[in-house]
Amino acid sequence: MPVIRTSLQPARALLIGLVACAAPVFAQEPVAQGVQALAQQWAVEAVQKSQRTEPTPLRMDVTVGALDARVRLAACGNMEAYVPPGARLWGRSRVGVRCVDGISRWNVTLPVTVRALGEAWVVKTQLAAGTAVTESDVTRGEVDWAEEQGAILTDRAAWLGQTASRALTTGQALRQGMLRPAQVFQAGATVKIVAQGPGFHISSEAQALSAGVVGQQARVKMDNGRVTSGTVLDMRTVKIDL
């Protein structure tokens, strides 16, 4: 009877090949986890350190995301984390990690979300664009200061009497860029002109040639026909520097 022999060599070779291909994947996991852990610890410490110099105490929450699964990194003896140029640890950003002592020098970035929780002035009821903001329109509430780029308005004088530059929704924190100074008189209105200097004070009336916005320049025409500009102080007063 003929003897039938089955060779296991091809199957063994295939198995070895599969293991060899899978090995880098399994080896990659500890490196990726180490990169994320380093970035998380470093980012938390960096944010806590920066908060010591801030005038307003905020509760910080830092979350570093995972490294892109498609990235393959060689083992590294010494890694360091850093903030990439142009980035900051605020809101949605990136944290960099680089290998400074290894077979190959690599450099990667990971996503990071930094939340800064604290009290701020928030809108009580929806405000339409152009609405003047009053005390009854806002209240104090906890928000994420880092949720948007605009700086939080901490001073009451920065928003009281200002006009909404766009529609504002309930619970929205008041930030720079959301408000603009209110217009207090129209072109053609009669205004009071004041000028003050060392040892003198002048007061007279003039006609506004442009709309008046508190804190901004407005053109006026004096009784003698002279046209000049001054700073709008209130709804009928313009200050001129002589």
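**Figure 1. Glu-135 and Arg-156 form a salt bridge.** In this predicted model, the closest N and O atoms of the pair are 2.8 Å apart. The bridge links distant parts of the chain. Glu-135 sits in the loop between strand 4 and strand 5, and Arg-156 in the loop between strand 5 and strand 6 (163-164), 21 residues apart. Glu-135 is partly exposed, at 44% relative accessibility. Arg-156 is also partly exposed, at 34%.

**Figure 2. Arg-115 pairs with Asp-144 in a salt bridge.** The N to O distance is 4.0 Å. Arg-115 belongs to strand 4 and Asp-144 to strand 5, so the pair ties together parts 29 residues apart in sequence. Arg-115 is partly exposed at 35% relative accessibility. Asp-144 counts as buried, because its 13% falls under the 20% cut-off.

**Figure 3. Arg-70 meets Asp-68 in a salt bridge.** Their side chains come to 2.7 Å, N to O. Arg-70 is exposed, with 69% relative accessible area. Asp-68 is partly exposed at 35%. A search of the whole structure gives 7 salt bridges.

**Figure 4. Asp-137 is buried without a salt bridge.** The nearest side chain of opposite charge is Lys-124, 7.7 Å away. Asp-137 lies in the loop between strand 4 (107-123) and strand 5 (138-144). Beyond neighbours within four places in sequence, its contacts include Val-122, Lys-124 and Leu-127.

**Figure 5. Phe-200, Ile-202 and Leu-242 make a nonpolar surface patch.** The patch covers about 300 Å². Phe-200 lies in strand 10 (residues 200-208). Phe-200 is partly exposed, at 34% relative accessibility.

Conventions: Residues numbered from 1 in each chain as written. Predicted model: local features only at pLDDT ≥ 70, side-chain atom pairs only at ≥ 80, totals over all residues. Heavy atoms only, no water. Patch = residues over 30% accessible without salt bridge, like charges linked within 9 Å, V, L, I, M, F, W, Y side chains within 5 Å. Areas by Shrake-Rupley, 256 points an atom, 1.4 Å probe, with all protein chains shown as cover. Helix = DSSP H or I, 4+ residues; strand = E, 2+ residues; numbered from the N terminus. Buried < 20%, exposed > 50% of the residue type's maximum accessible area, 1.4 Å probe, protein only. Lys, Arg positive; Asp, Glu negative; His and termini not counted. Contact = heavy atoms within 4.5 Å.
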